[in-house]
Amino acid sequence: MRKLSMEELDRLSVEEFKKESKSPLTIVLDNVRSLNNVGSVFRTADAFLVEKIYLCGITGTPPHKEIQKTALGATESVDWEHVPNTLDAVERLKTQGFIICAFEQADKSKMLHEFTPENGKKYALVFGNEVFGVEQDVLKASDYVIEIPQLGTKHSLNIAVSAGIAVWDFVSKMSVLKN
């Protein structure tokens with residue numbers, strides 16, 4: 001066994017990425033404070049051909065050196081838009097046919113491993129502020145509130161980690177991966 005070289009990985013160029021058919025996923029960041037988290041979400045979005053990222057409220061936007069440090073250029077490939085109010089972004093996505101899935105610990109949340117996205121549908125995955133989570137009005141507007149089960153002593157996961165887990169779960173369940 002040996003590690004593959006960069007050439008052997010045969011990744012898409014930015015131009016090829018933009019032309020490629022995207023996963024039926026969009027990410028919404030609800031007032032995410034950490035620019036490193038924003039950059040990491042861009043990198044995850046690039047890895048799984050996410051259609052777009054909505055950067056809402058106080059969420060930082062490119063270009064910024066702290067975002068670039070973790071995005072490693074993914075801000076150039078992944079489409080993004082800043083929307084001042086998260087609920088406005090969610091309502092717009094609903095009118096475009098997206099099913100809204102907020103990731104939060106809530107009294108009626110569905111565990112991620114018990115949720116099965118439907119093939120042929122488009123999903124917007126909402127991730128909230130590192131301290132306060134997803135805004136309550138956004139939770140109420142969501143079609144589903146999904147929780148990532150945790151078995152340890154801590155009460156939450158880093159937002160970038162949560163986004164990575166969620167996007168991978170949706171992509172693998174929706175048979176988006178190419179053989």
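Contact means that heavy atoms lie within 4.5 Å of each other. By this criterion, leucine 29 touches Val38, Val41, Ile53, Tyr54, Leu55, Cys56, Thr59, Phe127 and Ile159, not counting residues up to four places away in sequence. The structure is a predicted model, in which local features need pLDDT of at least 70 and side-chain atom pairs count only at pLDDT 80 or more, whereas totals for chains, interfaces and linings use all residues. Residues are numbered from 1 along each chain as its sequence is written, and side-chain values use heavy atoms, with hydrogens and water left out.

**The sheet**

- Seven strands form an open sheet in the order β3-β2-β1-β6-β4-β7-β5, with parallel pairing; strands (E, at least two residues) and helices (H or I, at least four residues) are DSSP runs numbered from the N terminus, and two strands pair if DSSP finds at least two bridges between them.
- β3 and β5 (110-111) are the edge strands, each with a single partner, so one side of each has no neighbour in the sheet.
- Strand β7 (residues 144-147) pairs with β5 in the parallel sense over two bridges, and glutamate 147 in β7 is the bridge partner of methionine 111.
- Strands of a sheet pair through backbone hydrogen bonds, either parallel or antiparallel.

**Nonpolar cores**

- A nonpolar core is a set of buried Ala, Val, Leu, Ile, Met, Phe, Trp, Tyr and Cys residues joined through side-chain atoms within 4.5 Å; buried means under 20% relative accessible area (1.4 Å probe, protein chains only).
- The largest such core has 35 residues, of which Leu29, Phe103, Leu125 and Phe170 touch the most other members.
- β1, α3 (35-47), β2, α4 (65-71), β4, β6 and α8 (159-173) each supply at least two residues of this core, and α8 gives the most, with seven.
- Apart from it lies another core, of 18 residues, including Ala89, Ala102, Val138 and Leu139.

**Helix α6**

- Within α6 (residues 86-95), the residues Thr86, Leu87, Ala89, Val90 and Leu93 are buried.
- Seen down the helix axis, the buried residues of α6 fall within an arc of 160 degrees, so they line one face of the helix; the arc is that of the directions from the axis to the C-beta atoms.
- Among the elements covering these buried residues are β1 (25-30), β2 (52-56), β3 (80-83), β4 (98-103), β6 (122-127) and α7 (136-141).
- Asparagine 85 caps the N-terminal end of α6, with a side-chain oxygen 2.8 Å from the backbone nitrogen of leucine 87.
- Just after α6, glycine 97 has a positive phi of about 90 degrees.

Notes:
Buried < 20%, exposed > 50% of the residue type's maximum accessible area, 1.4 Å probe, protein only. Polar contact = N/O pair within 3.5 Å; in protein donor to acceptor, adjacent residues only side chain to side chain.
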